[in-house]
Amino acid sequence: MGAGEERQPAGSARPTSRDVARLAGVSHTAVSFVFNGRAEGNLSHATQERIRQAAAQLGYRPDPVARGLRRRRTAVIGLVTDEIASSPFAGRLLRGAMETAWDSDHLVLTVDSGGDPAKEDAAVAELLDRRVDGIIYAAMSLRRVRVPEGLHRTHSVLANCLPEDDSLPAVIPAERAGGRTAARLLLEQGHRRVAHIGGLDDIASVERLRGFRHALRAEGITVPDEWVVRTGGEISGGYEGALRILADVPADRRPTGIFSYNDRVAAGVVHAATRLGITVPGELSVVGYDDQEHMAAFLTPPLTTVALPHRAMGEAAARLLLDAIDTGRTPPATTRRLACDVVTRSSVGPAPTL
């Protein structure tokens with residue numbers, strides 16, 4: 001049997017391309033042209049349609065193994081992650097990558113390393129042994145990463161992270177622009193006494209705060225140092241930070257708007273405000289970041305937030321990888337930044353008149 005013919009298990013009733021050819025009244029070569037992307041210029045549109053209808057009637061699908069032998073491809077891409085499978089955003093990024101790959105007749109084989117460098121190297125080696133057409137490496141949070149061994153041996157793209165050696169293309173959120181967006185949400189409602197709570201010294205924290213301050217400075221507003229409180233990324237950090245700048249402070253001397261590092265921090269801020277008897281958004285407006293599923297929309301009040309483009313990152317990384325696979329050209333090691341859109345709910349209102 002040649003590489004162009006479908007293999008059929010003994011006793012299986014799976015239809016073959018020759019069955020399609022007989023039903024459509026065409027040659028076996030004509031069927032091969034249609035399913036190998038060579039029909040244009042060789043077959044009329046009417047003949048192509050007749051072949052596709054015959055295939056649909058028989059339930060015929062080309063054998064991916066045989067097709068891979070012809071094209072020297074497997075129609076499978078690998079996706080190696082650090083801890084993303086345990087993060088609340090995993091589904092969005094993975095769905096974006098998988099659906100984009102599926103639309104191009106590729107499957108995605110996913111491996112979660114748990115952040116262990118040795119496991120990452122082993123995962124990449126295993127994927128290469130399985131002859132995947134390319135690999136996406138995705139991180140749970142935006143940071144610079146050690147490029148796992150082996151990624152340079154195939155087409156590779158990074159998602160939600162940057163290579164330490166700037167050697168590979170990457171797709172990441174436009175975090176600085178997201179910070180500017182958060183500032184504009186508060187500025188448009190007349191807020192001029194604003195604070196920032198949460199985050200540490202990671203790339204996302206630094207970039208979000210930089211964009212936030214830049215937009216405020218453009219309006220002549222400076223955030224006091226004591227109103228920038230670095231308390232991490234959890235609910236407890238938001239609660240602690242909000243108490244620090246809101247408790248026992250007269251209404252005319254406390255911030256009227258708070259930009260939170262993420263939605264979990266925002267939840268802590270809202271909780272602290274409630275404990276202090278400060279209404280949201282009547283006396284205090286709160287902006288989150290991430291649009292965390294099963295959280296942001298269910299706070300009281302529902303949280304206005306800046307959404308991280310996880311699905312779009314998965315889609316863009318997969319498209320960049322598939323384009324490289326199709327053309328056989330390695331994409332340049334550039335960084336593509338995707339917009340972080342606003343999700344408007346009910347936690348931001350006009351600045352109170354004091």
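Biologist: What does Thr 305 touch, not counting residues up to four places away in sequence?

Modeller: Thr 305 touches Asp 263, Gly 288, Tyr 289, Asp 290, Asp 291, Asp 341, Val 342, Val 343 and Arg 345. Contact here means heavy atoms within 4.5 Å.

Biologist: What sort of model is this?

Modeller: This is a predicted model, where local features need pLDDT of at least 70, side-chain atom pairs count only at pLDDT 80 or more, and totals for chains, interfaces and linings use all residues. Residues are numbered from 1 along each chain as its sequence is written, and side-chain values use heavy atoms, with hydrogens and water left out.

Biologist: Where does Thr 305 lie?

Modeller: In strand 12, residues 304–307. Strands (E, at least two residues) and helices (H or I, at least four) are DSSP runs, numbered from the N terminus.

Biologist: Is Thr 305 buried or exposed?

Modeller: Thr 305 counts as buried, because its relative accessibility is 0%. Buried means under 20% relative accessible area, exposed means over 50%, and partly exposed is in between (1.4 Å probe, protein chains only).

Biologist: Which backbone oxygen lies 3.3 Å from a polar atom of the Thr 305 side chain?

Modeller: That of Gly 288.

Biologist: New topic. How do helix 1 and helix 3 cross?

Modeller: Their axes come within 9 Å and cross at roughly 120°. So helix 1 is oblique to helix 3. Angles under 35 degrees count as roughly parallel, over 145 as roughly antiparallel, 65 to 115 as roughly perpendicular, and the rest as oblique. The axes are lines fitted to C-alpha atoms, for helices over the stretch in contact, and angles run from 0 to 180 degrees between N-to-C directions.

Biologist: Which residues meet there?

Modeller: From helix 1, Asp 19, Val 20, Leu 23 and Ala 24. They meet Arg 50, Ile 51, Ala 54, Ala 55, Gln 57 and Leu 58 in helix 3. By class, that contact has 7 nonpolar, 1 polar and 2 charged residues. Ala, Val, Leu, Ile, Met, Phe, Trp, Tyr, Cys and Pro count as nonpolar, Asp, Glu, Lys and Arg as charged, and the others, Gly among them, as polar.

Biologist: And where is Leu 276?

Modeller: Leu 276 sits in the loop between helix 10 (263–275) and strand 11 (285–290). Leu 276 is partly exposed, because its relative accessible area is 32%. Beyond four places in sequence, Leu 276 touches Leu 243, Leu 246 and Ala 247.

Biologist: How far apart are Leu 276 and Leu 243?

Modeller: They are 33 residues apart in sequence and 8.3 Å apart in space, C-alpha to C-alpha.

How values were computed: Polar contact = N/O pair within 3.5 Å; in protein donor to acceptor, adjacent residues only side chain to side chain.
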